[in-house]
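Please open the structure in a viewer and keep the selection panel at hand.

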Amino acid sequence: MTKSSTPDAPTPKLNEHSLSDVRKTATLIDNLTGIRFELPLIDGTLGPKVIDIRKLYTDSGYFTYDPAFMSTASCDSKITFIDGDQGILLHRGYPIDELAEKSDFLEVAYLLLHGELPKASEKQTFERNITYHTMLHEQVHEFFRGFRRDSHPMAVLCGAVGALSSFYHDSLDIHDPQQREIASHRLIAKMPTLAAMAYKYSVGQPFVYPRNDLSYSSNFLNMMFSVPAEKYKINPVLAKAMDRILILHADHEQNASTSTVRMAGSSGANPFACIAAGIASLWGPAHGGANEAVILMLKEIGHKNNIPEFIKMVKDKNAGVKLMGFGHRVYKNYDPRATVMRRSCHEVLDELGIKNEPLLEMAMELERIALEDEYFIERKLYPNVDFYSGIILRAMGIPTSMFTVIFAIARTVGWISQWKEMIEEPGQKISRPRQLYSGAPKRKYVPLHKR
Ligand code: ACO
């Protein structure tokens with residue numbers, strides 16, 4: 001923070017910036033004391049500039065107040081860019097719709113982790129590394145048997161992923177790049193195995209071991225749906241649709257679960273524990289639980305004719321009802337992932353010969369009405385990625401309780417990439433937000449008999 005400023009000079013990039021070299025600043029004037037504070041402005045590659053307030057407290061004695069991070073950039077990241085007003089989502093610079101159309105999930109995973117699309121040999125090595133780690137320590141099976149049969153699979157996933165740190169002691173040293181890499185591969189590789197086990201356990205079927213001759217998505221479908229008594233034929237259209245769902249959910253910059261992973265990891269916690277923290281955060285209906293909530297909502301509406309009444313309830317603040325799958329903290333335009341998901345949804349239903357699917361019909365009618373309604377237009381509420389993903393998953397035979405689990409499989413790649421980026425940052429520190437305290441001032445303890 002400084003008092004000098006020269007308005008026409010270019011804005012410095014983060015890390016290029018030194019406090020004696022401030023060329024662009026924002027001025028904060030304390031009207032109580034008249035003191036002015038010059039705060040450096042920093043440019044990203046895309047998106048809004050940020051005001052660097054790292055020294056604000058030391059220099060001025062003030063904190064900033066931003067509950068729920070409405071205007072706060074919590075880190076400097078090179079992984080994902082979102083322009084919520086334009087409806088743009090880029091991973092390492094590549095638009096999400098191009099990746100969903102031309103790439104595959106493991107290639108996107110490589111891109112997110114390493115920053116560039118892999119060359120053919122790099123892709124082959126990465127795929128081999130991931131498939132090499134798909135099996136779980138056999139004792140994990142015993143661990144699973146401790147869960148109640150009727151547990152929600154997200155509860156099982158939270159516990160089982162956290163428990164991986166008790167099975168893989170040789171990849172817990174976060175200061176060793178090789179161990180970090182092995183832990184990353186293990187998490188990406190084992191997540192579908194754990195997810196499918198959570199499902200099999202809930203329906204009382206035997207666990208199915210991974211098959212390394214199959215693609216990532218085909219292997220997951222096989223572990224979900226095959227049984228020892230019969231041959232299971234993988235439908236390539238459904239495997240492709242699953243792969244696309246995974247690509248569309250792979251990363252989304254500093255959302256609640258990713259910020260949770262970064263926050264947990266900032267203390268030096270091991271990656272398995274950090275990803276378990278991310279899974280816990282993802283579970284909530286305002287985040288990853290929304291695709292499950294969309295299906296429950298559509299079932300509750302029950303029929304197209306009931307939609308106007310439902311919309312009326314959504315608009316009534318006292319009713320406390322939200323149109324699930326609509327709205328987003330960042331997108332104030334159509335979520336670009338929802339556009340791809342909508343197309344994919346029609347492809348899957350066509351492939352499966354599902355005509356006049358009532359939930360899809362209701363979803364389309366809801367979307368049509370909401371997009372024309374002043375309430376939604378004014379608040380810039382558009383369908384998000386979860387509005388259609390539930391319908392595709394349901395058509396594939398995936399039970400509703402597994403929807404968020406599949407989101408977690410995909411997002412593991414984003415979480416681990418963001419965790420890696422944070423750990424590799426020079427001078428990385430523990431995250432420690434501050435607060436505006438509005439509780440009781442200091443007071444004397446009152447003994448029980450006098451209260
Ligand atoms: N239905 C009805 N009204 C809504 C909705 C909705 N889905 N979403 C927002 N609003 C209204 C709010 O009531 C508020 O109205 P007001 O200004 O009259 O008070 C206004 O729109 C702004 O909403 P906020 O709650 O301030 O928006 P915020 O950014 O905090 O919330 C969120 C974003 C949590 C995603 C919200 O839109 C929501 O709950 N949507 C439904 C759940 C959902 O689909 N979540 C998935 C998100 S995407 C993902 O995680 C993959």
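Select arginine 92, which counts as partly exposed at 22% relative accessibility; buried means under 20% relative accessible area, exposed over 50%, and partly exposed in between (1.4 Å probe, protein chains only). The model is a predicted one: local features need pLDDT of at least 70, side-chain atom pairs count only at pLDDT 80 or more, and totals for chains, interfaces and linings use all residues. Residues are numbered from 1 along each chain as its sequence is written, and side-chain values use heavy atoms, with hydrogens and water left out.

Arginine 92 sits in the loop between β5 (88–91) and β6 (94–95); helices (H or I, at least four residues) and strands (E, at least two) are DSSP runs, numbered from the N terminus. Its phi is near 50°, a positive value in a residue other than glycine. Next, select alanine 68, in the loop between α1 (56–60) and β4 (80–83). Alanine 68 is not a glycine either, yet has a positive phi of about 65°.

**The ligand**

- A backbone N or O atom of leucine 323 is 2.7 Å from a ligand nitrogen.
- A polar side-chain atom of arginine 329 is 2.8 Å from a ligand oxygen.
- A side-chain N or O atom of lysine 317 is 3.0 Å from a ligand oxygen.

The ligand taken alone exposes 930 Å², of which the protein buries 75% (Shrake-Rupley method, 1.4 Å probe).

**The nonpolar core**

Which residues touch the most other members of the largest nonpolar core? They are Phe144, Ile279 and Leu366, in a set of 118 residues; such a core joins buried Ala, Val, Leu, Ile, Met, Phe, Trp, Tyr and Cys residues through side-chain atoms within 4.5 Å. Helix α18 (residues 403–423) supplies the largest share of this core, 13 residues. Centre on isoleucine 279: beyond its neighbours within four places in sequence, its contacts (heavy atoms within 4.5 Å) include Met154, Met191 and Trp415.

**Helix α8**

Finally, select α8 (residues 216–225), where 9 of 10 residues are buried. Among them are Tyr216, Phe220 and Met224. The cover over the buried residues of α8 includes α3 (105–114), α4 (120–132), α7 (177–203), α9 (236–248) and α18.

Definitions and conventions. A polar contact is a pair of N or O atoms within 3.5 Å; within protein, one must be able to donate a hydrogen and the other to accept it, and residues adjacent in sequence count only if both atoms are side-chain atoms.
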